[in-house]
Amino acid sequence: MHEAGARTYGEFLANRDARRVRLRSEGDGFDFYPERRHLEAEFDAIWAAQAACNPALLTDAVRDRLRRIIFFQRPLKAPKVGGCAFFNEEPRLPKAHPLFQERRVYEEVNQLEITRAGAPSRKLTLDQRDKIILKLKSAKTATFSGLAKLLQLADGESFDKATENRTGLVGDEIFTAFSDKKCFGDRWAHFDPGAQWSIIDTVAEEEDPVRLRDWLMATHGVTVDQAEAIGRVRLPEGHGRLGETASRLILAQLKSGSKDGHPLTYCEAVEAALGKSRSDLRTGEIRDQLPYYGEILTREIPPGSLDPNDDDEIRWGKITNPTVHIGLNQLRRLMNAIIKAHGRPDEIVVELARELKLSEKKKAERNRRIGANTRAAEARSKKLLESGQPDTGANRALLKLWEDLSPNNPLDRCCPFCGHHIEQMALFSGETEIEHIIPFSRCLDDSAANKVVAHRSCKQEKGNKTPWEAWGHTERWAIIAEQVLRLHKSKQWRFALDAMERLGQQGDFIARQLTDTQYLSRMVGTYLSSLYPDTAGVHVIPGHMTAMLRRLWDLNELLPDHNYVENPHSGAPKNRLDHRHHAIDAAVVGVTTRSLLKDISKAAERAERQDLDQLFIDLPTPWETFREDLHESLARVVVSHKAEHGRKGVPAKGKDVTAARLHNDTAYGLTGLASDSGLPIVVHRVPLLSLKPDDLSNPIRIPDAALQRALREATDGKSGKDFQAALAGFSRSDPVFKGIRHVRVREALKVIPIRDASGHAFKAYKGDANARYDVWRMPDGKWISRWKDRDGASRSSIVSMFEAHQTGQPAQRPHPAAKRVLSLRQNDLVAVEPQGQPRKIMRVVKFSSGGEITFAEHQEAGPLKARHTTSPDIDPFKYFYSSAGGLQKASARQIRIDELGRIFDPGPR
């Protein structure tokens with residue numbers, strides 16, 4: 001466990017600097033990261049040795065108390081297993097359950113068909129099916145070529161499932177493993193199902209190999225070698241979609257059911273066993289309105305409590321993807337409003353984000369890509385098994401991230417934050433962890449493009465910063481820049497100085513997540529079908545076809561400024577900088593008939609190059625004035641935005657929530673001193689290399705007078721790069737402060753004090769964001785947002801996020817008789833009539849503590865900040881700025897838009 005000469009982990013850490021120098025000279029740069037069990041064993045050993053010297057003081061009670069303080073960890077809450085797809089009150093079976101394995105094998109084999117080029121495929125006979133089942137009971141896998149020999153198929157005959165990406169079938173993993181002669185052998189087949197599951201469950205749950213071995217020997221009479229082999233069996237992880245009842249009923253039909261002498265497929269077995277389609281869980285009820293989506297999509301979400309006394313989200317569960325959750329709830333509001341006003345639609349069409357039928361060339365390219373990914377995943381599985389690690393999806397993903405560090409050369413797979421090599425085994429030793437390049441809390445991006453494998457120590461040092469924020473101004477950046485060049489381009493930009501700015505230009509979290517429209521549209525189709533007794537009421541059309549019709553009918557040119565949109569392809573581009581492009585899509589979807597979709601789909605299948613625009617160049621519009629009518633409608637469309645109003649009223653017990661972050665992450669120490677401006681002087685730590693010459697000349701900036709004096713002497717007369725180099729040299733060589741990386745500094749800052757139970761403020765945080773912009777009308781009729789109080793101090797009606805969440809604190813008024821005329825939050829809509837112009841609908845983008853508020857017209861989309869700073873020749877968009885007085889002159893008033901697009905405008909004041 002330890003290096004030579006180190007008897008405890010403490011000694012090991014004490015010598016770590018010398019050890020690092022030695023290891024790096026030898027081409028290694030690893031630190032050792034012990035597991036919890038190592039430290040627990042060391043504690044027990046130390047206690048046992050010292051307790052003998054003073055047994056009266058070092059008692060067992062003291063040992064247990066200290067051990068709990070040091071090592072106590074709350075047990076992780078076991079994830080709740082979802083409900084059965086057909087019987088929701090019954091939990092799903094684990095994939096390690098023999099019943100699941102048997103049903104899976106029969107399902108896959110019954111689905112097989114024998115194919116031959118130029119001839120129709122034919123189903124298996126019951127006898128052929130049974131031969132394959134018997135083979136899969138005794139083998140972990142069976143190749144399709146081997147199964148063809150088993151059935152004595154003719155030359156040229158194969159199976160429909162055989163492709164370059166899939167070469168065989170997986171056998172009954174549980175039966176094959178436990179009936180191995182090293183485990184139970186032939187005895188396993190004679191155990192009743194209850195005994196089999198008891199053994200499997202114990203193998204899965206018992207963490208102590210000695211207790212497991214003793215239990216197996218005492219309960220089932222196996223030898224020591226057999227018990228140890230049983231304990232090493234790798235069980236499939238996860239759960240299926242069916243519970244025990246449904247599995248037994250469906251398996252019985254898969255085994256004994258037949259149709260024209262052929263085994264039943266899974267769909268046929270479900271219908272025979274349960275009287276319903278596998279994909280149609282409707283009861284035949286025609287709903288008057290959409291219920292909460294969780295009541296319908298039980299197969300797609302984690303299970304709820306099913307307690308009628310709970311609210312909908314707790315009772316039925318919720319989809320974990322926040323975008324889909326919000327989208328489905330918004331859809332419910334929209335559809336129920338439509339039904340209330342106009343009745344249930346005769347038909348609903350959903351645009352599905354999917355391609356049309358692929359050409360043979362495209363299919364071949366897709367299959368090659370799938371094949372390469374499949375082979376790479378199989379190679380990772382083999383690596384994991386050879387290294388003794390579980391072959392799980394998480395471990396395969398971890399291995400892929402490690403390979404991404406340098407796809408072509410394993411010797412160049414280094415930590416991107418320190419440049420030291422990472423061996424494959426380091427992935428599972430605790431030395432490394434997966435790190436988000438841009439912190440997840442700041443971007444909510446959990447994709448592989450935002451992840452790397454890094455040393456745990458580097459991850460801890462990076463903290464809640466981007467790589468540039470952590471090391472951009474340090475000597476380490478040259479090492480990081482070299483490593484970044486080996487990464488994929490999708491990861492490289494996240495290391496840059498402007499990573500956070502570029503992230504903002506790509507849209508906020510909601511906008512980025514909405515790109516996953518295929519999953520959302522599939523959920524929408526299933527959800528909406530609950531309004532109809534069968535599937536005929538809802539159908540989908542592919543988004544690729546919608547784009548083609550937009551271009552074909554010149555609909556992309558209907559929006560203003562469409563010619564400013566960059567277009568790498570021929571034809572008029574889709575203007576995604578105007579939210580109303582969604583209305584154009586909706587219009588196209590609404591006029592698309594099933595027959596038109598069928599014609600286009602057939603043409604796409606025939607077209608080798610998929611030049612659909614040319615194929616349908618003469619396709620007529622739905623009616624003669626369709627384009628003109630749509631243009632007029634678009635001019636009347638007002639885009640509704642989801643305003644950031646946060647919670648309303650007092651939340652239910654146990655559900656206290658906030659609208660956003662209340663403060664920054666950095667904790668500030670309170671010194672008890674006040675600045676000339678009246679602001680408190682706080683203390684916090686900053687990187688040494690972030691200091692400026694003025695910091696060293698300010699007598700109160702650095703509390704440690706000796707450190708400040710030493711820094712001033714080391715940097716005397718230097719500035720710019722020379723100053724930075726002097727600081728770096730000071731950290732490396734100063735005899736007293738060698739190795740220093742951070743410095744405690746003081747500054748005057750407006751902060752939020754955090755108090756203990758007695759009311760004593762022990763630390764503080766800086767506020768993170770503003771919640772709202774209030775505008776007050778004074779007794780003389782003037783609108784203001786800033787004023788001076790009786791003491792002459794400047795006050796603002798900007799309410800911070802922290803202040804907005806405090807209870808029992810009335811709003812600050814500039815005058816006892818002042819009346820609040822506007823209270824605007826981000827994304828609120830305002831109607832203005834500047835200088836007698838026609839009414840404009842504006843959206844609140846942001847507001848500053850200086851009293852200025854920023855607007856954009858309701859339809860404007862895209863990276864607004866970047867668009868605003870772009871030349872008008874490239875993009876004419878500009879922000880609209882105003883103050884409280886400007887809003888008064890423009891007759892500003894807050895408006896509301898309901899689900900049906902109706903505008904509620906109180907009119908000018």
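This is a predicted model: local features need pLDDT of at least 70, side-chain atom pairs count only at pLDDT 80 or more; totals for chains, interfaces and linings use all residues.

**Helix packing notes**

Helix 10 and helix 11 are oblique to each other, because angles under 35 degrees count as roughly parallel, over 145 as roughly antiparallel, 65 to 115 as roughly perpendicular and the rest as oblique. Residues are numbered from 1 along each chain as its sequence is written, and side-chain values use heavy atoms, with hydrogens and water left out.

I looked up the angle for helix 10 (residues 209-220) and helix 11 (residues 224-231): about 125°, with the axes 9 Å apart. Their crossing is right-handed. From helix 10, I noted Leu212, Arg213, Leu216 and Met217 in the contact, and from helix 11, Val224, Ala227, Glu228, Ile230 and Gly231 (contact means heavy atoms within 4.5 Å). Sorted by class, I have six nonpolar, one polar and two charged residues there.

Next I turned to helix 5 (residues 98-111) and helix 12 (residues 244-256), whose axes come within 10 Å and cross at roughly 40°. This pair is therefore oblique too, and the crossing of helix 5 and helix 12 is left-handed. Which residues of helix 5 meet helix 12? I found Leu99, Glu102, Arg103, Tyr106, Glu107 and Asn110, facing Glu244, Ser247, Arg248, Leu251, Leu254 and Lys255 of helix 12. By class, I wrote down four nonpolar, two polar and six charged residues for this contact.

Notes
Axes are lines fitted to C-alpha atoms, for helices over the stretch in contact, and angles run from 0 to 180 degrees between N-to-C directions. Helices (H or I, at least four residues) and strands (E, at least two) are DSSP runs, numbered from the N terminus. A crossing is left-handed if the near helix is turned anticlockwise from the far one by less than a right angle, and right-handed if clockwise. Ala, Val, Leu, Ile, Met, Phe, Trp, Tyr, Cys and Pro count as nonpolar, Asp, Glu, Lys and Arg as charged, and the others, Gly among them, as polar.
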